[in-house]
Amino acid sequence: METALPRTIQQKLEQTLAQWPQWQCSVPLTCVPAVVKVLTPGVSNYCVLVDAGAQYVVRIDGLNPSAHGLSRQAEWRTLAAAHDAGLAPAPRYFNPDLGSLVCDYLAPDQTQQTNAADVGRLLRAVHQLPSRHHRLDLAERILRYEKQLEHRGRTRGEVLLACRDAVTELLHDVSESAQHSVLCHNDLLRANRVYSSGRLQALDWEYCAMANPWYDIAVVINGDSMTASEAHMLVAAYLGREPDALEQHTLHQFSCIYRYLELVWYLALEKPVLSSDEIEQKIAALHNMLQKAPI
């Protein structure tokens, strides 16, 4: 294995592999899958590529899902529906006690140059998936991260506190809107998309929940730091037309909310992954965005 895993993660991986007779594969397995390599020893989870004639990705939780408002049951059911719709890899095994999930490995095409219009169409397809009971409460999630931040004794600074007040008003405004909720991915960033066999597909559905579709769009545009032209292309492809003034306003609101949520998530991490300068740059960018009226 190219990257060593923490001992507890390694043990859960071995236990998951030992359950291979229970994996729901299209061609039944005949032996224990062999580890090929660690794909992402990430901040949240560990993903490992394994081979048993066909290749699969085993994901092991690196965090407590409930502490982050995640529903593994909703993710499993949504992933199955997304696969049936041709939007995601097939789920093969799920064990919440081990914190493990197994999916088919989607071999990436040689060219991964993302087309913003493709992403817009993928989001539209995601938002047509069956609804679930699990819902995203942005105010609650932000408060959860803020409490973790306070628990670790980390200060937010005056500028970020001022941003928090503005974001609180935005949360109230969007909660009052009549926009309906749809099934959203809520984390469809570049790292969670792949072109495989000529199709753009969505990976890592752990944040999926019922939410405002404009939040899902804002996550992609801001998380991927899209240019104005790329953002316009994505939205136009999603809608099948030009956005109106209200839609642009709503996108701006959710963009500010997402950038604040992203910031407190980074700050609340047990092990920081961004430098102080990078955090300050993100705070300044959020402050500037809050000062600008949506175009």
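**Salt bridges and polar contacts in a predicted model**

R144 and E140 sit together in helix α4, residues 138-151, 4 residues apart, about one turn of the helix. They form a salt bridge, with the closest N and O atoms 2.5 Å apart. How exposed are the two partners? R144 is partly exposed, at 21% relative accessibility. E140 is partly exposed too, at 34%.

A word on the source: this is a predicted model. In total, the structure holds 13 salt bridges. Let me take two others.

Next, helix α8 and helix α9. The side chains of E262 and K282 meet in a salt bridge, 3.5 Å from N to O. E262 lies in helix α8, residues 245-268, and K282 in helix α9, residues 276-291, so this pair ties together parts that are 20 residues apart in sequence. E262 is buried, with a relative accessible area of 14%. K282 is partly exposed, at 27%.

Now helix α2, residues 72-84. E75 and R72 are 3 residues apart there, about one helical turn. Their salt bridge has its closest N and O atoms 3.2 Å apart. Buried or exposed? E75 is buried, at 2% relative accessibility. R72 is buried as well, at 10%. Which residues join them in a network? R59, D61, D204 and E206 are linked with R72 and E75 by salt bridges.

On to the polar contacts around L188. H185 is in the loop between β6, residues 182-184, and β7. H185 has a relative accessible area of 0%, so it counts as buried, the cut-off being under 20%. A polar atom of the H185 side chain lies 3.2 Å from the backbone nitrogen of L188. The H185 side chain also reaches the backbone oxygen of L203, at 2.8 Å.

What approaches the backbone oxygen of L188? A polar atom of the R193 side chain lies 2.8 Å from that oxygen. R193 is in strand β7, residues 193-196. R193 is buried, at 7% relative accessibility. The side chain of R193 also makes a polar contact with the side chain of D224, again at 2.8 Å.

Now the surface. Which residues form the negative patch? D165, E169, D173 and E176 do. E176 belongs to helix α5, residues 157-176. E176 is exposed, with a relative accessible area of 57%.

Last, strand β1, residues 34-41, which holds V36. V36 is partly exposed, at 37%. From V36 to G62 is 26 residues in sequence and 20 Å in space, C-alpha to C-alpha.

Methods:
Residues are numbered from 1 along each chain as its sequence is written. This is a predicted model: local features need pLDDT of at least 70, side-chain atom pairs count only at pLDDT 80 or more; totals for chains, interfaces and linings use all residues. Side-chain values use heavy atoms; hydrogens and water are left out. Patches are made of residues with over 30% relative accessible area and no salt bridge: like charges are joined within 9 Å, nonpolar side chains (Val, Leu, Ile, Met, Phe, Trp, Tyr) within 5 Å. Accessible areas come from the Shrake-Rupley method with a 1.4 Å probe; for residues, only the protein chains shown count as cover. A salt bridge is a side-chain nitrogen of Lys or Arg within 4 Å of a carboxyl oxygen of Asp or Glu. Lys and Arg count as positive and Asp and Glu as negative; His and the chain ends are not counted. The place of a charge is taken as NZ of Lys, CZ of Arg, CG of Asp or CD of Glu. Helices (H or I, at least four residues) and strands (E, at least two) are DSSP runs, numbered from the N terminus. Buried means under 20% relative accessible area, exposed over 50%, partly exposed in between (1.4 Å probe, protein chains only). A polar contact is a pair of N or O atoms within 3.5 Å; within protein, one must be able to donate a hydrogen and the other to accept it, and residues adjacent in sequence count only if both atoms are side-chain atoms.
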